[in-house]
Amino acid sequence: MSLHDHAHVEPGYEEHTHHGNYVRIWAILVVLLMVSVAGPFFGHPVVTLVTAFGIAFVKAYLVAKNFMHVNVAPRYVAYLVGTMLMFMLLFFAGAAPDVMKSAGSNWVKPAWVAAHEEAVAHPAAAAHGAGAHHE
Amino acid sequence: MSASPIATTRTAAGMPTGRLAVWWVIASEIVIFGGLLGSYIMFRLSHDAFGEHAAHTNMWIGAVNTLVLLTSSLFAVLGHKAADAGDGRKAAKFLYLTAAGGLLFASIKFGYEWPAEIHHGFTISSNTFWSFYYTAAGIHAAHVIGGVIIMLIIAPRAKRNLDLHRVELIGLYWHFVDVVWIFLFPLLYIAK
């Protein structure tokens, strides 16, 4: 008996997904989670970066491939998701200079520059109130 | 020959309309969460203070919630497998387990994590980091709750072997919610 033996099933679901060993994938994901949690305890920024974000990409890949079955989805799905990711990158590239730089060609952020100079002059006071109003 | 409604026929994209619709939802969500996370990364990279504020988030709670979501994703895909085999009762059982995972996630967040942070004076208006924190985690939690509600609607019909294809569709959505959390976890809880 399969899904398509039933009357109330939407047409078009003729193909069955190949189901792998999901518990094994879940176990790998849990091990990766433990590694990402352990990363910061090494006290090295590069190790933390790799164990946190490197592993996040691996985990996302494993979920997308094995649980969402994107590898067997029609090419349309890859185009759709890829386009949206491109939009994300475009947004980042377009907005990042405004957010991350204090000055550019024919523009400057006087408040940011003043706050930076203040932080250099009085580091203790700057650290105490850091982030409260830094835009 | 009886005519099916347009919404139940296979699309030119090579997949059933229901699955196509869920992928479009996911594509839209990528823009929503992508914009939010992209903005956070810009601020995080250019403001060291973000790291100092992130030091106040509870990594262990974040890790437990990650484990809860990963496990609920496992239940969701096992439900899909059961639905493919035509076992509606088993598919419904896994849907209920997935929903329970979502409820546990929300309970930990709203019942313990956020009250503790607010008690320590970290509110959405404290500074830009906490604004991002509550906005990103809040929008994500809203998606979790939405997914739980949909699963609780689908499960009773699945149990009677009706509309079993919907088990796969809600599973797709749920895995995406899981993927979003996979990126939120290091950003908000680990990178300090």
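Modeller: Before we compare helices, note that an axis is a line fitted to C-alpha atoms, for helices over the stretch in contact, and that angles run from 0 to 180 degrees between N-to-C directions. This is a predicted model in which local features need pLDDT of at least 70 and side-chain atom pairs count only at pLDDT 80 or more, while totals for chains, interfaces and linings use all residues. Residues are numbered from 1 along each chain as its sequence is written, and chains are lettered from A and ligands numbered from 1 in the order in which they are written.

Colleague: What is the secondary structure of chain A, and which pattern does chain A follow along the sequence?

Modeller: Helices (H or I, at least four residues) and strands (E, at least two) are DSSP runs, numbered from the N terminus. Chain A has five helices and two strands, arranged along the sequence as α-α-α-β-β-α-α.

Colleague: How many residues does each chain bring to the contact?

Modeller: Two residues are in contact if their C-beta atoms, placed from the backbone, lie within 7 Å. Chain B brings 57 residues to the contact and chain A brings 54 residues. On the side of chain B that touches chain A, two or more residues each come from α1 (17-46), α2 (49-54), α3 (59-84), α5 (128-159) and α6 (165-190) of chain B, and α3(B) gives the most, with 13 residues. Sorted by class (Ala, Val, Leu, Ile, Met, Phe, Trp, Tyr, Cys and Pro nonpolar; Asp, Glu, Lys and Arg charged; the others, Gly among them, polar), that side of chain B has 31 nonpolar, 20 polar and six charged residues.

Colleague: At what angle do helix α3 of chain A and α1(B) pack?

Modeller: Helix α3 of chain A, residues 75-100, packs with α1(B) at an angle of about 25°, their axes lying 9 Å apart. The two helices α3(A) and α1(B) are therefore roughly parallel to each other, a term for angles under 35 degrees, with over 145 counted as roughly antiparallel, 65 to 115 as roughly perpendicular and the rest as oblique. The contact of α3(A) with α1(B) has 20 nonpolar, four polar and no charged residues.

Colleague: How do α2(A) and α6(B) lie, roughly parallel or roughly antiparallel?

Modeller: Helix α2 of chain A, residues 45-67, packs with α6(B) at about 175°, with the axes 9 Å apart, and α2(A) and α6(B) are therefore roughly antiparallel. Among the residues that meet there are A:F53, A:V63 and A:F67 in α2(A) and B:V179, B:I182 and B:F183 in α6(B). By class, the contact of α2(A) with α6(B) has 12 nonpolar, two polar and two charged residues.
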